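Please keep the sequence and the 3D view at hand while reading.

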Amino acid sequence: MFDLDEARLADAAACLALRNEIDRIARDLPPVALMEVCGTHTTAFFRHGVRGMLPASVRLISGPGCPVCVTPTSYVDLALRLMREPGVALATFGDMIRVPGSATSIEREKGRGGRVHIVYSAMDALALARSEPRTTFVFLAVGFETTAPTIAQTVVLAEKEGVANLRLLVGHKLVPPALRALLSHPELRIDGFILPGHVSVIIGSESYRFVSEEFGVPGAICGFEPVDLLKGVLSLLDARRTGRPAIANLYGRFVKSHGNRAALSALDSIFETVDTEWRGLGRMPASGLALRPSLRHRDAALLLGDDEIARLAASARDDAACRCGEVLCGTILPTECGLFGSGCTPETPVGPCMVSTEGTCAAYFRYGRQA
């Protein structure tokens, strides 16, 4: 019979051994900066107390791996504009409704009578569309390679069933182009990446080969338990010690070298790669997804027309004091933003990094504001 107490003791012993090994290697290295790309990793490092176990010379910085956080203000403004169209209702994951647009948020407009449905999946949005054929449901399709395949499957099903009143406002982002942009950033030094476990299940470890081969920076694909996180840090320090950068797949129980072929096939059948805007990182080539031309009748943005889309993009404005963009690039810590913890809290967020449960600022605030 499985003994939970024994398993916990074994994990604790393994963590202690890993921490001791990290301490030993770090003593012989100059200070290092490691980026946890994924917002879930950021939260896991805090929640499990792993940050506090690391030596002072190992600095963790957070990256652009929160899907809500990297969605630009112009996207939120576009969703808000669609809310005002007759016969239109939004369907969205919960985190999105509190992200500020230029002048308001989806949550505020919902309070003023706008029609918004909080859903847990794109399939929920399809169910809404089936139940009300006279309403056009706009699903806010945000997220990385992790969520996009299930949304692609929803589109396939909607096409098969002929459900014409479901549209997507596509804001999907791709992780590898963001890593390339970070590695090319003139003000940012990254000595290793804790690579996202969930995304890697879909795209596979080979997708990161350029990180070590072109930039000489090691990466470690990790799970989310304390042992996983410590193994990732140890792997990156060992790569710095030996001078042999590589991509270590430490999540092999789920991540294969070439990813999930069925999910990638679903993605390719529905979406094509396009240039897209990221909060904090700007517009990057081939870093996002859009519906293929044969599926443009599902594109919610086309309900407005090119002139209105261009007008909204040109008028989008962030709060001047908000430094979410710099937090997402890892160039500052959340505590270096003047709004952190006073003008900006989870209850009254000014920027998306304080809104999302995966946001860096929210993690710093929730878990003791450790810097």
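## Salt bridges

Which side chain meets that of E326 in a salt bridge? The partner is R323, with 2.8 Å from N to O, where a salt bridge is a side-chain nitrogen of Lys or Arg within 4 Å of a carboxyl oxygen of Asp or Glu. The model is a predicted one, in which local features need pLDDT of at least 70 and side-chain atom pairs count only at pLDDT 80 or more, while totals for chains, interfaces and linings use all residues. Residues are numbered from 1 along each chain as its sequence is written, and side-chain values use heavy atoms, with hydrogens and water left out.

By this rule there are 21 salt bridges. One of them joins R81 and E85 at 2.9 Å, N to O; R81 is buried at 18% relative accessible area, whereas E85 is partly exposed at 22% (buried means under 20% relative accessible area, exposed over 50%, and partly exposed in between, with a 1.4 Å probe and protein chains only). R81 and E85 also belong to a network of salt bridges that includes E308 and R311.

Another salt bridge joins R253 and D228, at 3.1 Å from N to O. Because R253 sits in the loop between β9 (247-249) and α12 (261-270) while D228 is in helix α11 (residues 226-242), this pair ties together parts that are 25 residues apart in sequence. Helices (H or I, at least four residues) and strands (E, at least two) are DSSP runs, numbered from the N terminus.

## The largest pocket

The largest pocket holds about 660 Å³ of space. Of its 25 lining residues, L78, V170, T276, R283 and I309 are the closest to the centre. A pocket is found on a 1 Å grid over the protein atoms alone, as an open set of points where a 1.4 Å probe fits, with protein on both sides within 12 Å along at least five of seven lines, and lining residues have an atom within 4 Å of a point. The volume is the space filled by probe spheres set on the points, which are joined across faces, edges and corners.

Strand β11 (282-291) gives the most to this lining, with 5 residues.

## Cysteines

The structure holds 0 disulfides, a disulfide being a pair of cysteine sulfur atoms within 2.5 Å. For C361, the nearest cysteine sulfur is that of C353, 4.7 Å away. C361 is buried at 8% relative accessibility, and C69 is also buried, at 1%.
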